[in-house]
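Me: I am new to this structure. Please walk me through how to read it.

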Amino acid sequence: QLDQMSSGFYLSSNLLSMEIPTEFGKLVQMGSNFWLESNSLSSAIPTQLGKLILMSSGFDFFKNSLSSAIPTELGQLIQMSSDFYLGHNSLSSAIPTELGKLIPMAD
């Protein structure tokens, strides 16, 4: 059951070439280490990932083929203090002002 997983979701450095499933938004107990970097994930980042409000570190989507805008819902990850990676993608538009709510990352 996805809603019971609290840390350590690692699918890094594989050959995944799909959209990120919206069902990952059910990982509501996930507090750290949600890593999907170095794949070929495509399309937009699902807005449902904004439900992972217990995330404090290790939200890593680095080096994929993600496109579209960064969802404003990611501004709900207000516990995030480190390791929030979206680099090396094809994300468009401005960085949402809602990401300014990630206050702990400023320290």
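Me: Is Phe34 buried or exposed?
Reply: Buried means under 20% relative accessible area, exposed over 50%, and partly exposed in between (1.4 Å probe, protein chains only). Phe34 is buried, at 0%. One caution: this is a predicted model, where local features need pLDDT of at least 70, side-chain atom pairs count only at pLDDT 80 or more, and totals for chains, interfaces and linings use all residues. Residues are numbered from 1 along each chain as its sequence is written, and side-chain values use heavy atoms, with hydrogens and water left out.

Me: How many aromatic pairs are there?
Reply: A ring pair is described by the distance of the centres and the angle of the planes. Rings of Phe, Tyr and Trp (its six-membered ring) pair if their centres lie within 6.5 Å; planes under 30 degrees apart are stacked, over 60 edge-to-face, the rest tilted. The count here is eight. One of them joins Tyr10 and Trp35, edge-to-face, with 4.9 Å between centres and 80° between planes.

Me: Which strands hold Tyr10 and Trp35?
Reply: Strands (E, at least two residues) are DSSP runs, numbered from the N terminus. Tyr10 lies in β1 and Trp35 in β2, so the pair ties together parts 25 residues apart in sequence. Tyr10 is partly exposed, at 45%. Trp35 is also partly exposed, at 29%.

Me: What is the geometry of the Phe34 and Phe61 pair?
Reply: The centres are 5.6 Å apart and the planes at 75°, so this pair is edge-to-face. Phe34 sits in β2, and Phe61 in the loop between β4 and β5, 27 residues apart. Phe61 is buried, at 0%.

Definitions and conventions. Helix = DSSP H or I, 4+ residues; strand = E, 2+ residues; numbered from the N terminus.
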